[in-house]
Structures are given as C-alpha cells and as structure tokens.
Amino acid sequence: MTDHPARRTYQHRRPSGRRRRAALGALFGLLLIGLIAGTGLARDREGATRAERTGAEALPFDLPTADVLRDGPHLVFAHYFPPYPLSLDNQPAGHDYYARNYLTPQGEQGRHGVYGGLLRDRPLPVQPSSGDWRLANLEREVRTARDAGLDGFTVDILSLTGTNRQRVDMLLRAAHRVDPGFRIVLMPDMTSLHTDPRTLADQLARFAASPSAHRLADGRLVVSPFKAEAQDPAWWGQVITRLRDHGIGTALVPVFLDFRANAERFAPISHAFSSWGNRSYTRQDNVPGDIQLAHSLGKKWMQAVSVQDARPNQGIYDEAGNTATLRSTWNHAISDGADWVQLTTWNDYSEGSQFAPSLHNGHTYLDISSYYLTRFKTGAWPQIVRDTVYVTSRIQFTDAGSASLQPRLMRPRPGTASPRDQVEVLTFLTAPATVSARVGTVPHTYRAPVGVYAHDLPLSPGRTEAVVRRAGGTAAAVTTRFPARRTVTVQDLQYYAVSSGR
C-alpha cells in the first residue's frame, strides 16, 4: 500500500520467528471469519446487515429526523482519516489487507513487528462487491454517519496527489450522491503537507468545486487546517488571498495542538477556533477557558469529542476510563457553549480513536454519541424509551509486563489518568432496575436509577455479562464477545464495547 498515514512513526525491524508468526497469521484469519459470523454480520436477502435492520430500534431513545437535527446553528462533524476506508482491496475480511498486513505482527513484511502490528481494530467488514466498490463503500460510510445524526466529515487531506488525495475526491462525490445536505470540511494536515500557499490554495479550489464542500451561509468555504500553527498567520493569509483570486471567500477554522499560544495571533484571519483536544477524562478542565477565550475574541468554537487513544506504533496510550472521556468531552461541549463539535476520530484505527462501527466495538460508541449529539443540537435531552445497557472493558490488564509477539510495549502518555482495570456498565433506563453482572466468575448486583448511569466493576479474567431486571422480567442483557486474559501475545489496551440494543 502507498500513502501511509501521517502522524505515524514506523519501525522497519524485521521480527524473528517468521514461520511461527505466519502460522499465527493464518489462524488469525480463520478466527476473524468465525468472529464475523458470530457477530450477526451475515447479510440478509435484502442485502442489509442485522445491525442495519435494527436501525433506530437499537438506540435507547428516538433519534430526531435529519431535518430537525439540522435546524439550528450547532454542527457535528467527524474527522475522516482516508488511509482506513471500509475495504482496501475488496477481498473477504478473513484474508483482506487489514487481516493480512495491519492486524498481525508479521504484516507488511514485518515492518510493524516491533509493536505487534499496526492496528488492533478494523472497520466492520463489508462483503466484496462488483462495480465501483470504493465509491459504494464511501457512500455507506456517509449513510452511517448521517443516520447517527452527524452533519458531515472533516476530511484529513494528507497529500495533494496519490491514493489519499483520490479518496478525498471520492468522499466528496459520495457525500453528494447520498445526501446533498451532508457536508465535507476540508482539513489540510500540516503535519504531512509540505507545500507553499499558492499550491495549497489551488488544490483547495479544486476540492471547493464539489457541492459537498462545506460553506457558510454567506458562501465562504470552510478550511480547517490540522496543526494550523505549523505555518504562521501570514502564510495562511496568502492561502486566503489566493483562494480569493479563484473567486472563493474563506472561513478559516484552525485546529491547534496548542490553542492558547496561538489564539490571539490567528484571530484576525479566523472565523472559528478548535483544538485537537486531550483523550483522558481527567484532562478536560481547560475546555471552559478555551471556549471562553475563543468567544471573547469573537470566534466560534469547535470542540473535540473523543472516545480513547491507543497508539501501538508510537508506544503510548491514554487512560480513557471506559466511556468517561466520551461522556466528559460531550458534556463539556454541551455545558460550556461549544458551537460545533468534531468527533476525533471517525476512523483513525492506528490511534485507536474510532467512532465508526468497528469489529471490536460494533456501533456502541456512535450510538452513545448520538444521545449527546441530540442534546447538543436540540437543546433538550431525549427521552429514554428503550432500556439499553452498554458494557466496556479491556480484554487484558494494564499491568501485563510482556507480550510474546511484541518487543516494544505502549506506556501511558505523560499526564494521562492513572491506568485502571475496570468494567463499566452504562445503563440507559426508562425506570429504576436491578443490574446483575458477572465479571468472569465474580458476581455483582446493584440498583441502577432511571436515566443514564455508569457503574464500574473490577476487571476479572473471562467475559462479562450484564442483565437488567425489573418486575421479575429481563429488560436488557448483553455479554462481551471477547474474554479478558492475563497472558497476551500482543498488547491491546483499547476499551472494547458491546450494546444490548444490537
């Protein structure tokens, strides 16, 4: 494959024991096929998966229609990362490019062996198809995002030529074909684009020809560069001027890695501000001040909302606290007055930050997000009408000292929350109920209140089962698909998720 992801550090050391790893790779493929069959992803005669057919009934509330959600100033985008589409080669999931090269230590001639493989999760598998399968798969992702209530994608422009550039063009086409109201925000990635203002502006003008490129009501094109501070405001001023030569007005929405250090100097050329944010639930205290500063400078604010972050190839991870980071970042966006939201990310599997439906998490994180999205966009918490329980947990313990197929382990990012080994049972209930949970062989029982309630339990080896009971009957139940283990071959510190609704 070409056009590897930006913000990555690759290792090229070839691992030893290739025969053993090749056998493990073949075994992984067989296990993946079994897992896909076991998750209910077999297609019915109409071509829809069971998860798709449950649709709105999978949520604990009734999601408003797109017309209702779009009738207001608050916008919600998800950061789309082109290197990881639904399929890379239109092959069956058991032996496609993800399975052969990204999810195993020996993939891509062993270049990812030192950190146990590039990825730990992947998009929900799709069946190989005829025709323009790349475009069809992007259309499918647009539908998934739209049906979850999103307004559009912020697309990471990693390069101005090659495969990733082509996927940006195709995503713009897919959005327009599926839903002309679904917007694509152009996000030049300044960690990987090494170009001049004129060249960048000329390429942005080409993207802007698409009717799906997001514009404000006054016609200005929204340009939201990632790590905007990599170039100074004068450089961006040249981009804006060159776009004006093309007849295009610009609304610059810089996304900073260090917002406070750059806010005032970027204010004269910016429409709104954003920060890439932090992935730990204990490090969100700066959000109210950031939003206040942006508003004091007369700028809108796009708040980062995230699930988690674990990067084997960079050797670091954040402690997300199960869904604590997800709930905290959403609550800050709601209570602190954010104007827009960016879900970081839709599908960056190499950072473990995906909201998109995935093999290990299903639709869980996107479903939970839709609840908070509804409050953010409508101003009212939606009524819970279906009892639903979500369980999140790791499948291994944070204190594992070794992984037999991974020489270099991840460490907690400096300043993140203390690593923890917990199972979280997150209930959305129409009325109080009793929750019976079994974590491995350890039973737990507690009373959960009406509404949204998170309850933490100690992680134990094995699977977790949670059952919600009321008035002698079962209101909701779910069991994790992956057991927690103390001995591991590859380190995987993402939180896995399941939903009783799906």
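User: Leaving aside neighbours within four places in sequence, which residues is threonine 329 in contact with?

Analyst: Good place to start! Keep in mind that this is a predicted model. Threonine 329 is in contact with Gln284, Gln303, Ala304, Val305 and Ser306. Contact here requires heavy atoms within 4.5 Å.

User: Why is threonine 329 called buried?

Analyst: Its relative accessible area is 0%, and buried means under 20%. Threonine 329 therefore counts as buried. Its place is in helix 12.

User: What makes the pair of threonine 329 and serine 306 a polar contact?

Analyst: A polar atom of the threonine 329 side chain lies 3.3 Å from the backbone nitrogen of serine 306.

User: How do you know that the buried residues of helix 11 line one face?

Analyst: Those residues are Val287, Asp290, Ile291 and Ala294. Looking down the axis of helix 11, you find them within an arc of 95°, so they line one face of the helix. On the other side, Gln292 and Ser296 are exposed.

User: What covers the buried residues of helix 11?

Analyst: The cover includes strand 7, strand 8 and helix 12.

User: What makes a group of residues a nonpolar core, and which residues have the most contacts inside the largest one?

Analyst: The largest core has 91 residues, and Leu150, Phe153 and Trp330 have the most contacts inside it. A second, separate core of 20 residues includes Val389, Val391, Leu457 and Ala476. In soluble globular proteins, nonpolar side chains tend to be buried together.

User: Why are strand 17 and strand 20 said to stand at the edges of their sheet?

Analyst: The open sheet has four strands in the order 17-14-12-20, with antiparallel pairing. Strand 17 and strand 20 each have a single partner strand, so one side of each is left without a neighbour in the sheet.

User: How do you know that strand 14 and strand 17 pair?

Analyst: Pairing needs at least two bridges, and eight bridges join strand 14 to strand 17. The count of eight meets that requirement, so they pair. For example, glutamate 424 has aspartate 456 in strand 17 as its bridge partner. Helix 13 packs on this sheet, touching strand 12, strand 14, strand 17 and strand 20.

Technical notes:
Residues numbered from 1 in each chain as written. Predicted model: local features only at pLDDT ≥ 70, side-chain atom pairs only at ≥ 80, totals over all residues. Heavy atoms only, no water. Buried < 20%, exposed > 50% of the residue type's maximum accessible area, 1.4 Å probe, protein only. Helix = DSSP H or I, 4+ residues; strand = E, 2+ residues; numbered from the N terminus. Arc of directions from axis to C-beta. Polar contact = N/O pair within 3.5 Å; in protein donor to acceptor, adjacent residues only side chain to side chain. Core = buried A, V, L, I, M, F, W, Y, C linked by side-chain atoms within 4.5 Å. Axes fitted to C-alpha atoms, helices over the stretch in contact; angles between N-to-C directions.
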